[in-house]
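Okay, thanks for coming, everyone. Let me put the structure up and walk you through it.

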Amino acid sequence: MSVVGGRIEHVSSIGGGDLDRKSGVELLDVLREQERIKHEADLVELAVIAQLEARNVAFEFGAKNTVDLLRHALTIGARDAGGRVKLAAAACERVTVPGVP
C-alpha cells in the first residue's frame, strides 16, 4: 500500500500488523476498534472545549472568545469552531441536584 510519508505503514503497525495480511474479520475488528477510539477522542475534545469555554481561557491567549481561539489553534473555520463550542456546551451541560442547568 503506498501512501504519502509512510503514514499508512505507521498506522497499520499501530493497528496490530500489516493490513494487507489481515482477514476480512480482522479488518472489521480493527475498524470497530478505531471507531471506538475516535468516539472516545471526540468526547475528550468536547470536554476540553467545554472547560476552555467555562474558564474563559480564550482571553489568556488574546482571543475574543472560544470560537476565535479554536479557529486559530486548530486552523478551522468559524462555522466549524462555533459548532464545536455549541456541541460541547450541549454535551457537557452540568445539571445541579434540583435539575437546574
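When I say contact, I mean heavy atoms within 4.5 Å. With that in mind, leaving aside its neighbours within four places in sequence, Leu46 is in contact with Arg84, Leu87, Ala88, Ala91 and Cys92.

Quick caveat: this is a predicted model, where local features need pLDDT of at least 70, side-chain atom pairs count only at pLDDT 80 or more, and totals for chains, interfaces and linings use all residues. Residues are numbered from 1 along each chain as its sequence is written, and side-chain values use heavy atoms, with hydrogens and water left out.

The protein chain has 4 helices and 0 strands; helices (H or I, at least four residues) and strands (E, at least two) are DSSP runs, numbered from the N terminus.

So what is buried in α4? That's Ala81, Gly82, Val85 and Ala88, and because they cover an arc of only 125° around the axis, they sit on the same side of α4. The arc is that of the directions from the helix axis to the C-beta atoms. Buried here is under 20% relative accessible area, exposed is over 50%, and partly exposed is in between (1.4 Å probe, protein chains only). Those buried residues pack against α2 and α3 (66-74). Turned away from them, the other face carries exposed Arg79, Lys86 and Ala90.

Across the protein chain, 18% of the 101 residues count as buried.
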